[in-house]
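Please read them alongside the view below.

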Amino acid sequence: MTAVHVPSGGVIVTGGGSGIGAAVCRQLAAAGVAVGVLDRNASAAETIAAEIGGVALCANVGNSSELGQELHRGAELLDGLIGLVNNAGIGNLKSFESYTDAEIDLIFAVNFSGTYSAMRSAAPLMRDSGGGSIVNVASVSGVRPTRGEAPYSAAKAAVIALSQAAALELAPQIRVNSVSPGFIRTPLNEVLAKDEQLRSQIVAGTPLGRLGRADDVAELIVFLLSDRSSYLTGQNLVLDGGSLLNSAQMDPVLETMLSLYS
């Protein structure tokens with residue numbers, strides 16, 4: 001990883017106990033940043049926090065009261081808050097008419113409402129620390145809605161719009177950007193990556209010729225938290241190996257995923 005300078009202070013990463021969130025926590029710690037690892041799985045948060053010398057935090061991001069309390073506790077333990085990464089998310093893969101109201105509500109509660117609540121709670125804490133940077137993890141599914149992910153696509157599109165609106169309102173003290181990863185190989189979707197047919201289809205539709213890695217996303221997020229991106233706000237950066245350029249060719253991949261795993 002290319003070394004970047006991140007201002008001293010604390011950064012809290014939601015969904016930090018695994019996958020992309022854990023990669024972000026590791027890279028921040030390697031850059032000398034105090035890290036709050038927030039996850040609904042207390043054991044996972046404690047494991048990553050112990051590994052990197054960070055602070056373990058536990059909250060369900062879909063519960064705004066619980067999340068707000070834990071963010072405040074984290075800011076106290078970290079001696080201030082200068083960064084927030086809203087990475088926690090949840091998805092599903094079903095046909096359009098198969099989603100229940102409860103499933104739709106949950107997808108929006110975690111992906112959109114959880115992101116909004118975290119930003120709302122963190123903003124005054126970050127101002128008290130002199131400002132900082134917020135990075136929200138959206139998805140290419142929010143840029144180009146995908147077959148079988150209607151509620152998820154809508155929620156992630158809302159995260160992108162929310163990030164841009166917040167960038168206007170929270171400036172100049174706080175910068176807000178979002179990142180939209182494509183298919184990233186993480187423990188959550190490892191079952192898909194291990195399917196030879198599906199993996200071959202994904203790689204064939206990706207100009208850079210490989211699956212994305214959690215560290216790929218983490219490096220971009222650390223950059224957005226750092227002073228090297230100090231004039232960057234309100235942007236959504238797509239990190240997908242170029243797959244959106246081949247969006248028409250990706251339809252067969254989405255059909256395969258829906259048929260195999262819905």
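1. Let me begin with the Asp216 and Arg210 pair, whose side chains form a salt bridge with an N to O distance of 2.9 Å. The term here means a side-chain nitrogen of Lys or Arg within 4 Å of a carboxyl oxygen of Asp or Glu. By this rule the count comes to 6 salt bridges.

2. A word on the basis: this is a predicted model, where local features need pLDDT of at least 70, side-chain atom pairs count only at pLDDT 80 or more, and totals for chains, interfaces and linings use all residues. Residues are numbered from 1 along each chain as its sequence is written, and side-chain values use heavy atoms, with hydrogens and water left out.

3. Asp216 also meets Arg213 in a salt bridge, at 3.7 Å from N to O. Through shared partners, the salt bridges link Arg210, Arg213 and Asp216 into one network.

4. Another salt bridge joins the side chains of Glu196 and Arg199, at 2.2 Å from N to O. The two residues sit 3 apart in helix H7 (residues 196-204), which separates them by about one helical turn. Helices are DSSP runs of H or I with at least four residues, numbered from the N terminus.

5. Both ends of this pair are partly exposed: Glu196 has a relative accessible area of 48%, and Arg199 is at 21%.

Methods:
Buried < 20%, exposed > 50% of the residue type's maximum accessible area, 1.4 Å probe, protein only.
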